[in-house]
Amino acid sequence: MENLQFDAIVVGSGITGGWAAKQLTEAGLKVLMLERGRKIEHQVDYENETKAPWEMPFRGVGDTELYNREYSVQMLNRHFTEFTQDHFVNDADQPYQKTKGSDFDWFRSYQLGGRSLTWGRQCYRWSDYDFGANKRDGFGTDWPIRYADLAPWYDMVEDFVGVSGSHEGLPQLPDGKFLPPMELNCVEAALRERILAKYPDRLITIGRTANLTEARPEQGRAHCQYRSICARGCSYGAYFSTQSATLPAAKKTGLLTVVTDAQVTKLEYDAQTRRVSAVHWIDTKTSERKRASSRIVFLNAGAFNSVHVLLNSASETMPNGLANSSGVLGTHIMDHANTMAAMAVVPGFEDRTSFGNRPTGIVIPRFRNLDKLDGDGFTRGYSFQGGALQGTWTRGKRMPGIGEDFKEELHKIGPWSMVLVVFADSMPRASNRLTLSKRLDPRGVPQLEIAFAHGKEELAALADAKKEAAAMLNSAGAHVVMGFDQPGHGGTAIHEMGGARMGWDPKTSVLNRWSQSHDVANLFVTDGAQMSSSACQNPSLTYMALTARACDAAVKMLKEGVI
Amino acid sequence: MSGTSSGWTRRDFAGGAALFALALGIPAAAVKLTDLDAADAPSDRQRKLIAEVSELVIPKTDTPGAAEVGVGDFVILALAHGLSGTRDPVATGVITPALAPFRRRDGSLSHLDWLESRLDHAAGGDFLRRGQDEQLRLLTAIDGEAMARGAEYSPWVAIKGLILTGYYTSEVGGSQELRYELVPGKWEPDIPIQPGDRAFSSDWTAVDFG
């Protein structure tokens with residue numbers, strides 16, 4: 001690898017790294033992809049994919065003693081189980097710091113494919129309510145793009161990813177190029193009609209998910225098998241991941257080199273050419289230090305890790321971090337404020353059930369602060385995700401009873417309930433920020449320190465969400481039994497973003513409208529770090545569209561000799 | 001035998017578990033008990049007790065009961081490794097005088113010691129020597145008290161939960177008593193429930209939230 005020369009280096013192999021590798025190689029560039037974690041080969045290395053609970057040492061629940069010791073943060077993730085634990089980082093080996101008074105649970109997957117193996121797969125377009133949000137209420141800095149800039153890239157990305165969903169014609173949640181939707185179950189379908197009758201602006205629609213409802217033979221991907229164990233890895237390739245989709249496409253070009261176990265420590269900056277001149281990394285298996293050069297660099301390490309690399313790349317000419325002449329690098333980080341707004345029992349469907357495990361829930365798109373500012377104490381939006389489900393044996397843990405009658409009761413399919421989890425816009429605030437800690441990780445690299453707190457706008461949104469969720473469900477014949485309005489810790493939405501925000505002005509933003517550094521022309525950051533606001537939708541689809549758009553722009557700039 | 005007062009050694013226990021697994025055709029991984037510290041090892045009596053208690057909770061019917069599928073040993077393993085928060089320190093405020101003797105130095109409760117003592121106390125002697133109907137009556141009372149709305153903190157809640165986990169994640173509980181379908185292959189959103197339909201142990205959303 002010594003002094004190897006590439007056209008482009010992509011740092012990270014997750015959702016956006018995979019896209020960058022695909023787009024850049026397909027444009028004819030020779031690309032090096034660096035991944036800090038281990039190699040995971042599609043279909044070969046999904047070790048627990050087909051195992052039953054009785055084939056696992058701790059029955060799929062996992063070894064709490066081990067988790068307390070080595071996975072103390074990751075174990076809080078709902079997708080973290082004994083089946084999936086090898087798709088998450090070891091917290092003892094990958095420490096980070098939290099500024100005093102900050103709570104932030106940082107869920108990470110350091111491996112080939114990154115969090116594309118463990119993501120929630122929800123794919124939502126953002127609208128101009130979102131891209132115009134900062135300008136409208138004055139939080140953060142104005143996005144230098146609008147929906148029209150991104151719409152063709154959403155089209156292109158959805159076509160390749162395979163997103164199933166239902167066309168609803170909502171301006172706040174634009175329709176995309178959808179595969180046939182997965183259907184609502186009987187309770188969701190009934191609640192959709194009942195809620196719509198009372199609240200014409202509130203619509204239950206099926207989650208838009210990157211699970212194929214039709215096979216993609218040209219990509220070697222089968223349709224979803226309705227197992228809903230996606231985070232174990234899917235040998236059918238039925239959900240979109242780096243392994244199932246972008247990596248095979250990039251490899252097919254013959255122009256991709258992948259190096260795993262490569263923790264990038266810094267980008268080397270050449271003050272003469274004002275370009276990144278090399279990427280440095282540690283081979284985490286041998287502790288060897290290595291470097292490679294390229295004409296352009298794409299940072300796709302995951303929002304906070306991309307910022308981390310830039311902070312660690314400070315130099316004499318850029319003492320506050322690479323690409324940080326503005327001083328805003330690391331600031332305005334966000335993560336959706338989220339909580340379970342309502343859980344309700346739903347009578348009247350005792351003789352109905354479903355078959356199969358649908359790998360998505362429902363969504364109730366944003367209805368607050370659209371054309372009219374109607375939020376009480378907040379200026380942006382929230383949206384509900386959740387679904388109706390029937391209980392199984394675990395309900396017995398809360399039920400009195402033992403013996404034959406108890407066993408007979410748990411034999412039956414349980415009663416229906418409906419869950420609504422709220423995700424609210426996270427306001428971009430300068431005080432929520434990333435800095436370098438003085439503490440080092442086990443490889444000697446300064447750790448990241450996270451300062452984060454939700455503010456009064458988020459709390460107001462969650463309070464409204466709890467009230468409205470209860471009102472909607474109770475009016476539709478359900479009985480709400482519990483609900484919360486206090487947010488989970490920062491990070492628990494697993495939508496952490498920002499820190500290298502896009503903006504018009506090089507003095508107040510890190511990236512321009514092409515996800516390109518204002519300061520360093522051959523540097524692009526196209527993961528969550530680039531986000532200037534959070535919206536309340538799941539962000540991955542937007543990261544993908546922005547990545548594809550940035551790749552196209554970068555290739556044009558290379559061809560024109562601008563960079 | 002080693003010098004432990006219970007007469008138990010790690011090797012005996014591990015060997016027993018492996019033989020037990022062999023007899024039932026359960027993969028050894030599922031009953032791996034070899035990593036238990038001596039302090040977490042149950043006495044022979046406790047091992048027998050938790051097996052019988054699990055059978056009282058989930059008895060043999062037209063499918064095997066909890067004892068037959070080795071749920072007792074799973075509960076021992078689970079308690080030793082702190083599943084369901086059983087090795088977490090218990091808040092001082094919820095420690096009643098009845099629980100205090102079972103508090104470990106780390107603040108957690110020794111669930112097995114508590115269970116043994118609680119059952120013998122309820123039986124006014126050796127619980128294991130009571131007839132099955134009497135055992136069922138005594139345990140039903142303990143269960144009713146612990147599971148009642150607004151009840152005081154009781155270690156029984158976690159023990160019962162682990163018994164259920166042990167049973168319904170076993171091959172018998174998961175795929176004979178309930179239905180297990182790893183690859184449904186299709187999604188049918190609305191179908192009628194037929195009389196006698198069994199719930200799915202492979203409905204992962206239901207397992208998480210149901």
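**A paired hairpin and its sheet**

Q: What makes β16(A) and β17(A) a strand pair?
A: Strand β16 (residues 433–440) of chain A and strand β17(A) are joined by 5 bridges in the antiparallel sense. Two strands pair if DSSP finds at least two bridges between them, so 5 bridges qualify. One such bridge links T435(A) with its partner E449(A) in β17(A). Between the strands of this hairpin lie 5 residues, and G444(A) takes a positive phi near 90°. Strands here are DSSP runs of E with at least two residues, helices are runs of H or I with at least four, and both are numbered from the N terminus.

A word on the basis of all this: the model is predicted, so local features need pLDDT of at least 70 and side-chain atom pairs count only at pLDDT 80 or more, while totals for chains, interfaces and linings use all residues. Residues are numbered from 1 along each chain as its sequence is written, and chains are lettered from A and ligands numbered from 1 in the order in which they are written.

Q: How do you know that β3(A) pairs with β17(A), and in which sense?
A: Strand β3 (residues 97–98) of chain A and β17 (residues 446–451) of chain A share 2 bridges in the parallel sense. The bridge partner of K98(A) in β17(A) is I450(A), and that of Q97(A) is E449(A).

Q: Why are β3 and β16 of chain A said to stand at the edges?
A: The open sheet has 3 strands in the order β3-β17-β16 (chain A), with mixed pairing. β3 and β16 of chain A each have a single partner strand, so one side of each has no neighbour in the sheet. Helix α8 (residues 303–312) of chain A lies across β16 and β17 of chain A, at about 65° to β16(A).

Q: Which UniProt annotation covers residues 428–546 of chain A?
A: UniProt gives "domain: Glucose-methanol-choline oxidoreductase C-terminal" (unreviewed entry) for residues 428–546 of chain A. UniProt positions follow the numbering used here, feature names are shortened, and annotations may be inferred rather than shown by experiment. Over residues 428–546 of chain A, the chain is 23% helix and 18% strand, with end C-alpha atoms 19 Å apart.

**A second sheet in chain A**

Q: What is the strand order in the open sheet of 6 strands?
A: The order is β6-β13-β14-β15-β11-β18 (chain A), with antiparallel pairing. β6 (205–206) and β18 (479–482) of chain A are the edges, because each has a single partner strand. Within the sheet, β13 (residues 362–364) of chain A and β14 (residues 382–390) of chain A pair over 3 bridges in the antiparallel sense, and V363(A) stands opposite Q385(A) in β14(A).

**Helices in chain B**

Q: Why is α2(B) called roughly perpendicular to α4(B)?
A: α2(B) and helix α4 (residues 111–123) of chain B pack at about 75°, with axes 10 Å apart. Axes are lines fitted to C-alpha atoms, for helices over the stretch in contact, and angles run from 0 to 180 degrees between N-to-C directions. Angles of 65 to 115 degrees count as roughly perpendicular, so α2(B) is roughly perpendicular to α4(B).

Q: How is α4(B) oriented against α6(B)?
A: α4(B) and α6(B) pack at an angle of about 105°, with their axes 10 Å apart. That makes α4(B) roughly perpendicular to α6(B). In this packing, H111(B), W114(B) and L115(B) in α4(B) meet P155(B), A158(B) and I159(B) in α6(B).

**Where the chains meet**

Q: How many residues of chain B are in contact with chain A?
A: 57 residues of chain B are in contact with 52 residues of chain A; two residues are in contact if their C-beta atoms, placed from the backbone, lie within 7 Å. The largest share of the chain B side, 6 residues, comes from α5(B).

Q: What joins β12(A) to β1(B)?
A: Strand β12 (residues 352–355) of chain A is joined to β1(B) by 3 bridges, and the two run antiparallel. T353(A) has I191(B) as its bridge partner in β1(B).

Q: What does the model score for ipTM and pTM?
A: The model scores ipTM 0.95 and pTM 0.94.

Technical notes:
Angles under 35 degrees count as roughly parallel, over 145 as roughly antiparallel, 65 to 115 as roughly perpendicular and the rest as oblique.
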